Amino acid sequence: MVRYTISTGGFLMNIDDILFSYGEEDVPFKALSFPIFETTNFYFDSFDEMSKALRNGDYEYVYNRGSNPTTRLVERKLATLERCEDARLVSSGMSAISLSILHFLNSEDHVVCVDEAYSWAKRFFNYLSRKFGIQVTFVPPDADRVLEAITKKTKLIYLESPTSMRMRVIDIRKVTKVAKELGIKTIIDNTWASPIFQNPKILGVDVVVHSATKYISGHGDVMAGVIAGDKEDMIGIFQEEFKNIGPVLSPIESWLILRGLRTLEIRMKKHYENALVVSDFLMDHPKILEVNYPMNPRSLQYELASSQMSGGSGLMSFRLKTESVEKVKEFVESLKVFRMAVSWGSHENLVVPRVAYGDCPKEDVNLIRIHVGIGNPEKLVEDLDRALKKI
Ligand SMILES: *Cc1c(COP(=O)(O)O)cnc(C)c1O
């Protein structure tokens, strides 16, 4: 896999440097592991110092519903990884999504949103529409469909690529080129690819959000979100939405994310390696109708996918050749290495049948999503093979 460097403020930085050392030059007591600054408050030596900090609330350490040194270290690393000027950690992926959406909208504005976006992002738009008269148009994950839906009142385009149930890839450059010309802001949920495999900022997106609950923390034990973008947008989101609503991440959890980040690159490479083995197996299997994994070179979306991503994650979906709920049930219950659970992004191998959700359309009864972890892929293939033989 390619090694690539990242441009930050005019100098080139290697991924290793960001993950292992960036921002960690002046650690107290020369501790090798960065400290957890578990404090809510910071004191001042003089009136002038205090007054200066209180007047310039953006980056000073004053109070924890603001900035914290442990959290700020991780935020700087994440901003650099995403090639953005700044980033903020928040208490969940959903708060990253809702805060950044709120920042760009006023009542009566119009939004275009990809209809396969994370379901709670769509629910949030429906909530805004009910309460504040925001107009929302949901469109299939296709650049032309997004652009056709733009009206004179459109202020925001909300994207997710690949989408998290069918992994549909959207031509990001095509959307952002037009959005920039029209002065429409763009937000993308980049959770699937992680900052290792896709950097939407260089594809023209304004604000990048992540559920750091997934790969960025990476061990299935922390809930967090990331918002990354230009300084101007980030100061706005920080001062208006973040401080007013207050979804603060605790310093301990920021530190757990820091620990997770040390292995982000090697974990992502292993997820990709394993996902290629598993998706190849599924593509060749006679009981499988369709496999959704855009970073497999055999995928119909590979050309577009590989023009914007340098690798793939461990999340994919497929359709069994059946329309029977009973068969789907038997299949998922026969799996042993893949455990039935929502969420994804850690070492775990997980499975969710779409039909387990109450709102499953009839044509999606056979749709199954799996998350491929970082263990031995042969064990995963054996598990799937055995379960497929049972149906
Ligand atoms: C999980 C997820 C979210 C929500 O993140 P939380 O941390 O659970 O709030 C948003 N987008 C995608 C693509 C996700 O998978």
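**A walk from the ligand to the domains**

Let us start at the ligand, which is surrounded by 15 residues, the closest being G93, M94, D189, T213 and K214; a residue counts here if one of its heavy atoms lies within 4 Å of the molecule. You are looking at a predicted model, in which local features need pLDDT of at least 70, side-chain atom pairs count only at pLDDT 80 or more, and totals for chains, interfaces and linings use all residues. Residues are numbered from 1 along each chain as its sequence is written, and side-chain values use heavy atoms, with hydrogens and water left out.

Some side chains reach the ligand with polar atoms. D189 places one 2.6 Å from a ligand nitrogen atom, while T213 has one 2.6 Å from a ligand oxygen atom. W344 also has a polar side-chain atom 3.3 Å from an oxygen atom of the ligand.

Now step back to the whole protein. It is divided into domain 1 (5-261) and domain 2 (264-390), with bounds that come from an automatic or database domain assignment. Their centres, taken over C-alpha atoms, are 28 Å apart. In the contact between them (heavy atoms within 4.5 Å), domain 1 takes part with 35 residues and domain 2 with 37 residues.

How much area is buried between domain 1 and domain 2? The value is about 2,900 Å², and carbon and sulfur atoms give 62% of it. Buried area is the accessible area (1.4 Å probe) that two parts lose on being put together, summed over both. On the side of domain 1, W192, F197 and Y215 supply 30% of the area buried against domain 2, more than any other three residues.

The interface of domain 1 and domain 2 has zero salt bridges by the rule, which asks for a side-chain nitrogen of Lys or Arg within 4 Å of a carboxyl oxygen of Asp or Glu. Helix 1 (15-20), helix 7 (172-182), helix 8 (194-197) and helix 10 (251-261) are the elements that give two or more residues to the side of domain 1 that touches domain 2. Helix 8 provides the largest share, four residues. Helices (H or I, at least four residues) and strands (E, at least two) are DSSP runs, numbered from the N terminus.

Finally, the salt-bridge count comes to 22. One of them joins R72 and D86, whose closest N and O atoms are 3.0 Å apart. Because R72 lies in helix 3 (residues 69-81) and D86 in strand 3 (residues 86-90), this pair ties together parts that are 14 residues apart in sequence.

How values were computed:
A polar contact is a pair of N or O atoms within 3.5 Å; within protein, one must be able to donate a hydrogen and the other to accept it, and residues adjacent in sequence count only if both atoms are side-chain atoms.
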